[in-house]
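Hello,

Here is the structure I said I would pass on. Please open it first, then read the notes below.

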Amino acid sequence: MPISRIAIGSPAEFAQADSLKAALAEFISVLIFVFAGEGSGVAFNKLTDDASTTPAGLVAAALAHGFGLFVAVSIGANISGGHVNPAVTFGAFLGGHITLIRGILYWIAQLLGSVVACLLLRFGTGGLSTPAFSLSTDVSVWNAVVLEIVMTFGLVYTVYATAVDPKKGNIGILAPIAIGLIVAANILAGGAFDGASMNPAVSFGPAVVSWSWDNHWVYWLGPLIGSAIAAIVYEVFFISPDTHEQLPATDY
C-alpha cells in the first residue's frame, strides 16, 4: 500500500541546498503559471467590460491555464519535478515519492508564488482586481467539492501515468503537455460552475490579494481528496510492488 512508503524526512532538509533550490523552482513555476492564468481573466475583463464569465472568457481561461501549466511544469521538471500544485505534491507524498519535509517546503513556495503573482498583476495593471474563485448561482458547496474531486483526480492521475510511473518510458516526454491539456479540458468542463481550480495555490493567491474567503475551503478539500484518491488508485493497481522504485525529485 502507498501509505507504507510515506516518509517524514529529516528537519535538515529545510536547510539543504537541493531542497531550497527545488522550492525556489516551485515558487517561480507557480508565479509564472498564476500570472498567466489569472492575468488572462484580468485582461479579458478589461477588454470586455467584465465579461470573463462568458463562453469566450471560459475558452480564454482554459487556453491560458493550459499553455501556462505546460510551460510551468516543463521548466520545473528537472529541478523540483514540476509539481506547480499543492494537490500534486500531496499525491506524490502519499505515494512515497517525496518526504513530508520537502512537501512542506513545496507548499510554502507554491502559495507564496501565487500571492506574489497576484500582487504583481494588481500593481502591473494599475490596481485592477484579481477576483477570487467563487461558486456560480445554484451551485452548492458540496456540488463544488465533488467537481473539484473529480477534476483533480483526472489531473493527478494524468501526472502519475505520464510522470511518476517508473514504467512510463518515452511517454514521459509528453507529461507537461498532457498535464496542461487535462487542466484546460477540465476548465472547459467545470469552469462555469466553480472556476475549476484543481489547485489550492491557484485559489489562494487571489483570495489573499482580494481578501475574499467565501467558500475558500472548497478549493482545498476537493483537490486534496481527488489527489489522494488518484494517488492511491494508481499506486495500488498500476504500480506493483515488484516494479516500484523510489524516484528522485527530478523524475516526477
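**Thr158 and its contacts**

Setting aside residues up to four places away in sequence, Thr158 is in contact with Ala163, Ala178, Ile179 and Ile182. Thr158 sits in helix α5. Its relative accessibility is 16%, so Thr158 counts as buried. The cut-off for buried is under 20%. Please keep in mind that this is a predicted model.

Val183 belongs to helix α6. Val183 is buried, with a relative accessible area of 4%. Not counting residues up to four places away in sequence, Val183 touches His65, Leu69, Leu155 and Met198. Asn45 is another matter. The C-alpha atoms of Val183 and Asn45 are separated by 21 Å, and the two residues are 138 apart along the chain.

Cys118 is in helix α4. Its relative accessible area is 0%, so Cys118 is buried. Leaving aside neighbours within four places in sequence, Cys118 is in contact with Val34, Glu38, Thr130, Gly205, Pro206 and Val209. Take Thr130 from that list. Cys118 and Thr130 are 12 residues apart in sequence, and their C-alpha atoms are 6.6 Å apart in space.

How many of the nine residues of α3 are buried? Eight are, and the helix is mostly covered. The buried ones are Pro86, Ala87, Val88, Thr89, Gly91, Ala92, Phe93 and Leu94. These buried residues pack against α4, α5, α7 and α8.

Two packed helices are described by the angle between their axes and the distance between the axes. Helix α3 covers residues 86-94, and helix α4 covers residues 100-124. Their axes come within 10 Å and cross at roughly 175°. That makes α3 roughly antiparallel to α4, because angles over 145 degrees count as roughly antiparallel. On the α3 side, the residues that meet α4 are Pro86, Thr89, Phe90 and Phe93. On the α4 side, they are Leu100, Gly103, Tyr106, Trp107 and Gln110.

**Salt bridges**

The count comes to two salt bridges. One joins the side chains of Asp18 and Arg102, at 3.1 Å from N to O. This pair links distant parts of the chain: Asp18 is in helix α1, Arg102 is in helix α4, and they are 84 residues apart. Asp18 is partly exposed, with a relative accessible area of 43%. Arg102 counts as buried, at 10% relative accessibility.

Lys167 and Asp165 also meet in a salt bridge through their side chains, at 3.3 Å from N to O. Asp165 counts as buried, at 5%.

Ile28 lies in helix α1. Its relative accessible area is 40%, so Ile28 is partly exposed.

**Backbone points to check**

Two loop residues deserve a look. Asp138 is not a glycine, yet it has a positive phi of about 75°. Asp138 lies in the loop between α4 and α5 (141-164). Asp138 is exposed, with a relative accessible area of 77%.

Asn215 has a positive phi of about 60°, and it is not a glycine either. Asn215 is in the loop between α7 (200-210) and α8 (218-238). Asn215 is partly exposed, with a relative accessible area of 30%.

Best wishes

How values were computed:
Residues are numbered from 1 along each chain as its sequence is written. This is a predicted model: local features need pLDDT of at least 70, side-chain atom pairs count only at pLDDT 80 or more; totals for chains, interfaces and linings use all residues. Side-chain values use heavy atoms; hydrogens and water are left out. Helices (H or I, at least four residues) and strands (E, at least two) are DSSP runs, numbered from the N terminus. Buried means under 20% relative accessible area, exposed over 50%, partly exposed in between (1.4 Å probe, protein chains only). Contact means heavy atoms within 4.5 Å. Axes are lines fitted to C-alpha atoms, for helices over the stretch in contact, and angles run from 0 to 180 degrees between N-to-C directions. Angles under 35 degrees count as roughly parallel, over 145 as roughly antiparallel, 65 to 115 as roughly perpendicular and the rest as oblique. A salt bridge is a side-chain nitrogen of Lys or Arg within 4 Å of a carboxyl oxygen of Asp or Glu.
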